[in-house]
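Have the model open as you read.

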Amino acid sequence: MTYSKRNTPLATRKPVRSRWWKLGYSLWLALNIIVAVGLICSSYAGVFNPAEVTGAGIVGMTLPGWSGVAVFLTVFNLIWWRRTSLLLIMAMLVCAKPLWYFCPLNLPPGKLSPEEAERSFTLLTYNTLGLMDQESQPGPNRTLEYILDQDADIVCIQELYFVSESESLGVTAEQVATLHKRYPYIVFTKSQCVMSKYPLSALHIDYCKPDTGGDDFAAYQIDVDGHLISVFNCHFQSIGLTGEDKQLYTRITDGHANRNSVNEVSNHLLAKLMHANRKRARQIEMIGRYIKHYGGENVIVCGDFNDVPDCFGLRRLAEFNLQEVYPQVGFGPMITYNANRFYFRIDHVLYRGCFKAHSMVRGSLKSSDHYPLTTTFVFND
């Protein structure tokens, strides 16, 4: 006996999909595929040397955008199209490590025990913008006041040439006197500065700026309670945007840009980004050679990297057994640059040796265009 379609039980009939529904689903599936590919490409862009692969560094900067869209689409898919959600879930699993470096989800570290506190030391890294206050707040210099309030054992500063009483910068004689009393060991090297409560000696670093481009580096050997630590204070190549570049970027992010402005970004700002990425790649190789030469067992590399989490530079430094602090102790994405709407984590701390990272605290002061980072380390028992 045969049954006609009309006699088929309703429970076994397949729903009839309209042509428009199928078209919409195809477009939605294509969108999910594009986001999955974008997520994977931006997650692993740091594998490629920007000096050899043009644009790799820029692709890596787009990870926050792709990850945000991927999470939104996944939630939407789980409600409406569960099968489609598997695509993005698989992509996020493939990108688990880079996503963790961008947005770690560690539990709060808790307070140090008295015994751990005895074995701990703190390090503050801060690009101080030459002690200028971008918010032009009156009173004593806020950047210097923050450094004194933090009372870190070691302070690594970028963009600081000297510290002296200055009416224009709001630096008071009392601040200078307190600073020298607090830190008996202060070394200036070009635009870098280290202040330490522990004995230190500067290590010789010789390089030619035209070969590496960009900013400055400095290295020190610090004796922390009998442990010799090689500390590398870095300020890698910045994007180098002019005032006009920043105004253009602001107009675009405000939605006030026309096609000519967008083309200008493509031809001008992106070119500057790629140029800076290539220079940073050369600087990372140079720092790597000094880590090999001076490093020893205990090493800290910190400063203004001008690059995002899991970039080529951080991946390259990981080859020297250096671990990044924030993915080990942080929670959620962190922003360390607060100006011109370039909201990225571009200041980093890496380490290796007979100590471990316990916590990292980002300050909220906006006197500089960078936020300060204070890391607490604990020597192994």
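## The second largest cavity

In this predicted model, the second largest cavity has a volume of about 70 Å³. Its lining is made up of P50, F236, N277, R280, A281, I284, F305, D307, C311, F312 and G313. By type, the lining divides into 7 nonpolar, 2 polar and 2 charged residues.

## The largest cavity

The count comes to 2 cavities of 30 Å³ or more, and the largest has a volume of about 140 Å³. This largest cavity is lined by 19 residues, with G46, G60, D310, C311 and F312 lying nearest its centre. Helix 1 (19-43), helix 2 (56-61) and helix 12 (312-318) are the elements that give two or more residues to the lining. The largest share, 3 residues, comes from helix 2. Here the lining residues divide into 10 nonpolar, 7 polar and 2 charged.

## The protein as a whole

Stepping back, you will find 13 helices and 12 strands. Of the 381 residues, 48% count as buried. The accessible surface comes to about 19,800 Å², and 58% of that belongs to carbon and sulfur atoms. Among contacts with a separation of 6 or more, 73% are between residues 24 or more positions apart.

## Cysteines

How many disulfides does the structure hold? The number is 0. For C156, the nearest cysteine sulfur is that of C302, 3.7 Å away. C156 is buried, with a relative accessible area of 0%. C354 is buried too, at 16%, because the cut-off for buried is under 20%.

Conventions. Residues are numbered from 1 along each chain as its sequence is written. This is a predicted model: local features need pLDDT of at least 70, side-chain atom pairs count only at pLDDT 80 or more; totals for chains, interfaces and linings use all residues. Side-chain values use heavy atoms; hydrogens and water are left out. A disulfide is a pair of cysteine sulfur atoms within 2.5 Å. Buried means under 20% relative accessible area, exposed over 50%, partly exposed in between (1.4 Å probe, protein chains only). Helices (H or I, at least four residues) and strands (E, at least two) are DSSP runs, numbered from the N terminus. Contact means heavy atoms within 4.5 Å. Accessible areas come from the Shrake-Rupley method with a 1.4 Å probe; for residues, only the protein chains shown count as cover. On a 1 Å grid over the protein atoms alone, a cavity is a set of points where a 1.4 Å probe fits but cannot get out, and a pocket is an open set with protein on both sides within 12 Å along at least five of seven lines; lining residues have an atom within 4 Å of a point. Grid points are joined across faces, edges and corners, and a volume is the space filled by probe spheres set on the points. Ala, Val, Leu, Ile, Met, Phe, Trp, Tyr, Cys and Pro count as nonpolar, Asp, Glu, Lys and Arg as charged, and the others, Gly among them, as polar.
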